[in-house]
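Here is a short report on the overall build of one chain. It covers charge, size, surface and domains.

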Amino acid sequence: MKILPFLLLILVSAGFWFEPPLPPKRPNILLVISDDQSFAHTSISGCSFVRTPHFDRVAREGTLFTNAYVTSPGCSPSRASLLTGRYPWQIAEAGTHASSFPQAYVVFPDRLEAAGYRVGFTGKGWGPGDWRVSGRSRNPAGEAYQKKTMAKAFEGVSTCDYAANFADFYAQKAPGQPFYFWLGTQEPHRPFERDAYQRVGKDLAQAQVPGFLPEDSVVQGDLLDYAVEVEYLDEQLGKVLAFLEEKKELDNTIIVVTSDNGMAFPAAKANCFEYGVHVPLAIRWGQQGVARQVVKQPVSLVDLTPTFLEVAGVPTQGLGLSGRSLLPTLRGKKRAEARPVYFGRERHSSARYQNHGYPQRGVREGKYLYIHNFRPERWPAGDPQGYDAQGQLVDSYADIDACPTLDQLLAHRHTAPYDDYLRLATAQRPAEELYDLEKDPYCRRNLAAEAGFEQPRRRLQRQLFSYLRSTQDARVVGPDPEVFETYPRLQGPIRKFPESNKKD
């Protein structure tokens, strides 16, 4: 038994020593989140009028999620939900548009920072809204890196040099320190440069018009201008990927590319229809993840919070998170049983009399999309008319971003088929909506009241309301279902509307 110390002495004197293995290096986290992009608009998804080689690369070298859903079809509540890992109805003011962000709701960047990560963001973080009024010292997305700018490539795109700001952030972290960085492009948010598509050599015939919009040259041009901005943001993603490769950090970085809600067109953004809540999602994790994996099971962006915390080694038990980590899926392990995904909205823009919202909740399961409208007497896209700065009545529908497509629908509102498309986007809707997404991906035929669909309607209604009760949604539990209407709008205009639009 005395021979072991003797052998160790010989090994040490000869220069041999067996050090204990180093702990595994914690991966970096890069979240690239675009502003108003629907799921269909990447080239890997089959879109012919947009080229996204860098998104496609992330998807090919990692996992492409073909059924990823946001928790709300509007920027601010969707981003707040992602940051907290909770649904919009669980985070008070942060769950509505352009309000505040109570400190009671801890965001994952703060948890990562406490665990030793360097955290930062560039471009659009959480917003619109006022985080300062809540007593926060910085945007919930992290420390801001916004100093690097560049000339505009197109009117409507940001002057923020996303890649240069990321490089600035990277240079300031300690050697070997893991990082989390939120790269929030402001593209393809409106406004777009009109006819920008002509400058890049696109042709109207290329445009694939979704079935909730008319085949019209103005609409086609609007879609191609949108595509120009999607391609611009993809170029910025490519610059960041190249930087990570140069620094030999690419394979130790979990890269997530997604969007905060759907495209800013009528019947898309600010709606719980498919093109409002269904977004692109690709995740690459170097050798830790599986390449060329396509996941068709629905997932929610609320799942990203537990994913980021788990990959960083931060315990999630007891945090009240509503999502489920995607790490097993990224590693190619057998996925858990498919589950429904949920989403909802309250106020989006100031679009109705007395700043009222349009409360909706929805669930996607299997081939069905079920939506419950709590105030069906209101106008889903906003009141039809409002007052301009001179006090004159004008067309409104302010929950639809101002755009050539909306102008075209309004200009031809009394002409077929434009009248049908305008009705689809703006007309009052019944309390219940049910869509078969396999047969009707554009959500044009509401099956809720049709014979033969009572069983799926009732099943999804029960499922949705059961989940809302379990997650303490004030719309279905508690003493004040209208509490969401009391949250102040702190950013953006407060518009005025005729009292005749009042709907109580």
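In the charge count used here, Lys and Arg are positive and Asp and Glu are negative, while His and the chain ends are left out. The model is predicted. On that count the chain carries 60 positive and 58 negative charges. Their mean positions lie 6 Å apart.

**Size and fold**

What radius of gyration does the chain have, and what would a compact globule have? The chain has 24 Å. A compact globule of 504 residues would have a value near 23 Å, so the two agree. Along the principal axes, the C-alpha atoms fill a box of roughly 95 × 55 × 45 Å. The secondary structure comprises 13 helices and 16 strands.

**Burial, contacts and surface**

Of the 504 residues, 59% count as buried. Take the contacts between residues at least 6 apart in sequence: 71% of them join residues at least 24 apart. The chain exposes about 21000 Å². Carbon and sulfur atoms supply 52% of that area.

**Domains**

How is the chain divided? The assignment gives domain 1 and domain 2, with the bounds tabulated below.

The centres of domain 1 and domain 2, taken over C-alpha atoms, are separated by 24 Å.

Terms used:
Residues numbered from 1 in each chain as written. Predicted model: local features only at pLDDT ≥ 70, side-chain atom pairs only at ≥ 80, totals over all residues. Heavy atoms only, no water. Helix = DSSP H or I, 4+ residues; strand = E, 2+ residues; numbered from the N terminus. Rg over C-alpha atoms; globule rule 2.2 N^0.38 Å. Buried < 20%, exposed > 50% of the residue type's maximum accessible area, 1.4 Å probe, protein only. Contact = heavy atoms within 4.5 Å. Areas by Shrake-Rupley, 256 points an atom, 1.4 Å probe, with all protein chains shown as cover. Charge placed at Lys NZ, Arg CZ, Asp CG, Glu CD. Domains from an automatic or database assignment.
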